[in-house]
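Q: Could you walk me through this model, starting with the overall fold and then going into the details?

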Amino acid sequence: MTKDQSAELLIIVTSFASLEDAKKMAHQLLEGHLAACVQIQEGVHSIYRWEGKICEAREVLLSAKTVADKWVDISNFIKSHHPYDLPEVIAYAPEKYEALYGKWVQAEVK
């Protein structure tokens, strides 16, 4: 692993109100080579403050694997294609990951 942004992996997380919206975004991210792999997890129970009120909702969590030099592109894409007014777009950089997996991710987003 290097600190070269083209080699540094990111896991991008966002959430959706429906499985259909999450699957649509997953396909768009893969087709656009913004992500190498997308995982979708149903059954997330979110509690948050929105416009001064505490809200609760069932959501679907989407995690996309990409590289750091795609951050701006994937973040902008999610924000412009997401059904929420203010989508969650958070990136995590794993400190360690299996080298061959990292190379696969890099190859898929080129």
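This is a predicted model: local features need pLDDT of at least 70, side-chain atom pairs count only at pLDDT 80 or more; totals for chains, interfaces and linings use all residues.

A: What follows takes the fold first, then the sheet and its helices, and then the pocket.

Q: OK, how many helices and strands does the chain have?
A: The chain has 3 helices and 4 strands, and if you read along the sequence they follow the pattern β-α-β-β-α-β-α.

Q: And what box do the C-alpha atoms fill?
A: Taken along the principal axes, the C-alpha atoms of the chain fill a box of roughly 45 × 25 × 25 Å.

Q: How does the radius of gyration fit with a compact globule?
A: A compact globule with 110 residues would have a radius of gyration near 13 Å, and the chain has 15 Å, so the value agrees with that expectation.

Q: Now the sheet: in what order do the strands sit?
A: The 4 strands form an open sheet in the order β2-β3-β1-β4, and the pairing is antiparallel. Because β2 and β4 (90-92) stand at the edges with a single partner strand each, one side of each is left without a neighbour in the sheet. From one strand to the next, the twist averages 30°.

Q: How many bridges join β2 to β3?
A: There are 12 bridges between β2 and β3, which run antiparallel. Among the residues facing each other, Ser 46 stands opposite Ala 57 in β3, Tyr 48 has Cys 55 in β3 as its bridge partner, and Trp 50 is partnered by Lys 53 in β3.

Q: What happens in the hairpin of those two?
A: The hairpin of β2 and β3 has 2 residues between the strands, and Glu 51 there takes a positive phi near 50°.

Q: And what about β1 and β3?
A: Strand β1 (residues 9-16) is joined to β3 by 8 bridges, and these two strands also run antiparallel. One of the pairs is Leu 10 with its bridge partner Thr 66 in β3.

Q: Which strands does helix α2 lie across?
A: Helix α2 (residues 71-81) lies across β1, β3 and β4, running at about 5° to β1. As for helix α3 (residues 99-108), it lies across β1, β2 and β3 and runs at about 95° to β3.

Q: Switching topic, how much space lies in the largest pocket?
A: The largest pocket holds about 270 Å³ of space. The elements that give two or more residues to its lining are β2 (37-50) and β3 (53-67).

Q: Which residues line the largest pocket, and of what class are they?
A: The lining includes Ser 46, Tyr 48, Trp 50, Ala 57, Arg 58 and Glu 59, along with others such as Tyr 84 and Asp 85. By class, the lining has 6 nonpolar, 2 polar and 4 charged residues.

How values were computed. Residues are numbered from 1 along each chain as its sequence is written. Side-chain values use heavy atoms; hydrogens and water are left out. On a 1 Å grid over the protein atoms alone, a cavity is a set of points where a 1.4 Å probe fits but cannot get out, and a pocket is an open set with protein on both sides within 12 Å along at least five of seven lines; lining residues have an atom within 4 Å of a point. Grid points are joined across faces, edges and corners, and a volume is the space filled by probe spheres set on the points. Ala, Val, Leu, Ile, Met, Phe, Trp, Tyr, Cys and Pro count as nonpolar, Asp, Glu, Lys and Arg as charged, and the others, Gly among them, as polar. Two strands pair if DSSP finds at least two bridges between them. Axes are lines fitted to C-alpha atoms, for helices over the stretch in contact, and angles run from 0 to 180 degrees between N-to-C directions. Contact means heavy atoms within 4.5 Å. The radius of gyration is taken over C-alpha atoms; the globule rule is 2.2 Å times the number of residues to the power 0.38.
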